[in-house]
Amino acid sequence: MAKAAHGSFAEAGADLELVGIQKRFPGFTAIEHLDLTIPAGSFFALLGPSGCGKTTTLRLVAGLEDPTEGKILLGGTDVTALKPHKRPVNTVFQSYALFPHMTILENVAFGLRRRAIGDPVGKAHEALQLVELDHVADRKPAQLSGGQQQRVALARAVVNRPALLLLDEPLGALDLKLRRQMQFELKQIQQEVGLTFLHVTHDQEEAMTMADTVAVMNKGRIEQMGAPEELYELPKTVFVANFLGQSNLFTVDVDGGTDQVIHTISPSGKISVPRRRSERDSGTITVGVRPEKLRLHASAPVDDASINVIGPGRITDVSFIGVSTQYAVEVPGAGTVQVFSQNVEAGPAAKLGDEVWLSWFIEHTFGLADDHLETGAITADFSTQAIATQAGLAE
Amino acid sequence: MAFTAFSGNAKAVEQAPKKRGWIALVLLAPGIAYMLLFFVAPFFQLALTSLQAPAESGGIGQYVAAAQFSNYWVALQEYWPHLLRSFIYSLSATIIGLLISYPLAYLIGVKVRHRPMLQGILLILVVAPFFISFLLRTLAWKAILPSEFIGTHFSVIFGLVYNFIPFMVLPMFASLQALDLRLVEAGSDLYASPATVFRKVTLPLSMPGIVSGTLLSFIPMSGDYVNASREFLGGTGTAMIGNVIESNFLQTQNYPMAAALSIILMAIILIIVATYVRKSGAEDLL
């Protein structure tokens, strides 16, 4: 047995480094080319639709699959050739994978016993206390609810104090309320024990609320990586703009500019984008803005160099959400544009069928790296549908 | 930590809905009638026969109803070596059969699980011998095996192993086919070597298949009278209790003796099986 996996706990989280990883299965390539460094002690999320290669990445790190090419380093040590049971890594499986023939306590003590760590029963009880399930220690997994099983799976992994903890959509099967609570608990546990967490999920909200760094994966590649705010405010590709939150995108032609700003024209109006916020600066480009950055006007706003204006358009849908109202505005030449408006005053400010102009600050515009947009303006629908579409694209 | 919001609500209360008594009875009736007619009644007949005494007239095969419990004592005194031999043969054949069947079932149920075509072919190969009469196949072995080998302990055990392997493989296959391989992965993720994963995860989870497979072969093996008979793979010193019962019933027509031996055999098998099932922790099977 490797030293790292025997007899002692990891003292701290370890850096994970993936170098030139490629994974091919007969008939398809799950991961094209992946270089990734996750610093020790961080909470890192791999976000993407199903089939994007994120679970394969996790399985490669756990040692459950071998990469076709590339190296995996953990705390500077090459672990590519190590069998899973010799890696100082533990996984919280999507299916929980609790041993049905063992009690909860024996499930949690399993890893400790294999490494001959002292007082496995005491430590297992402690871990169960951490997830507030010590009172079910003598039961079998089948006697527990889904949420409880999930917490046992977490305790069974955390109790080993792995240098790196892998989470494979562990919250997927829980209902919304439970999921919120578990997200909070997981984050807290990560901060308390200081381990490195690698979390795989297709839930963008989960990734954004929990992780320090989010990597958006698509078709076996990382499209963009960064802090959640950064990814949300400045997406660099159409995929990221639509997968992470919703976006209004416009296909426009570059028409001059200054040091600071690129000017563009489109059938629906002139749109400017800050030069530093645009991936491209010539030809036909795709620019976008988040729906909550838009403002509705009943008449054409006065010219102002700091704002973009499009319109007039007609409101085709109004949905009152409570905290906000979501409008769909049909703008000739730009398609349907989504506007989220905070309900600061009581009730919606505009009605179905109203003629409106839309404005937003130039500095909220982003320019994407993609060549063009096939369908004109895309407005991402509510997440499930968007995920389904993107998953379809990823096939 | 604030886990309290969703803890302690997992009391899965198992409460069967109240059945309407008469529907249950109607549904059970055919089964009960069958058991009464073909198990309980013959069993009482057998028990009564085992206590009969020879008729006054003294003719062969002539017995009258009695309560002659000494029949059992005589049967045990006379035939205990055959009983012992039966169980030694069956136990050896069960162990050898297990060593062959488990790896075979593992291959079919786990290793080729993702290749349904191959899995189907292998399963057919296991079951195929059933298409030919049990007696014919056993006779064929008598022709195939060297004649010095026939009539020994080994040839009888060989015959038992051969004839009962499918009964072992199928339940073990069913267990292993249902084994969740994600549990095997979880085991290796939790620092268990492949050997430990087998011992701690695969083996315990396939135990129901092992228990039912070994029982399904051990029980009929103990009463088998074909393999050990002299017409097949047996010889002068290989008679099992099944052969003794057969000859008492059909040749010497000592019905009380044959009946008493049958009941003794049944009782011993019952004790062995109950102990085995209890020890292996597979009470659910009973």
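These legends describe close-up views of a predicted model.

**View 1. The contact between chain A and chain B.** Chain B puts 27 residues into the contact, and chain A puts in 43 residues. Together the two chains bury about 3,000 Å². Carbon and sulfur atoms account for 63% of that area.

View 2. One salt bridge is counted between chain B and chain A. Its partners are A:R59 and B:E185. Their closest N and O atoms lie 2.6 Å apart. Six residue pairs, both members at pLDDT 80 or more, are in polar contact between chain B and chain A.

**View 3. The side of chain B that touches chain A.** Two helices of chain B, α6 (181-189) and α7 (194-205), each supply at least two residues of this side. The largest share comes from α6(B), with seven residues. By class, this side of chain B has 15 nonpolar residues, eight polar and four charged.

**View 4. Strands β11 and β12 of chain A.** Strand β11(A) covers residues 248-257, and strand β12(A) covers residues 261-266. The two pair in the antiparallel sense over three bridges. A:G257 has A:I262 in β12(A) as its bridge partner. Three residues link β11(A) to β12(A) in a hairpin.

**View 5. Strands β12 and β13 of chain A.** β12(A) also pairs with β13(A), residues 269-274. This pairing is antiparallel and runs over six bridges. A:V261 stands opposite A:P274 of β13(A). β12(A) and β13(A) make a hairpin, with two residues between them.

Key
Residues are numbered from 1 along each chain as its sequence is written. Chains are lettered from A and ligands numbered from 1 in the order in which they are written. This is a predicted model: local features need pLDDT of at least 70, side-chain atom pairs count only at pLDDT 80 or more; totals for chains, interfaces and linings use all residues. Side-chain values use heavy atoms; hydrogens and water are left out. Contact means heavy atoms within 4.5 Å. Buried area is the accessible area (1.4 Å probe) that two parts lose on being put together, summed over both. A salt bridge is a side-chain nitrogen of Lys or Arg within 4 Å of a carboxyl oxygen of Asp or Glu. A polar contact is a pair of N or O atoms within 3.5 Å; within protein, one must be able to donate a hydrogen and the other to accept it, and residues adjacent in sequence count only if both atoms are side-chain atoms. Helices (H or I, at least four residues) and strands (E, at least two) are DSSP runs, numbered from the N terminus. Ala, Val, Leu, Ile, Met, Phe, Trp, Tyr, Cys and Pro count as nonpolar, Asp, Glu, Lys and Arg as charged, and the others, Gly among them, as polar. Two strands pair if DSSP finds at least two bridges between them.
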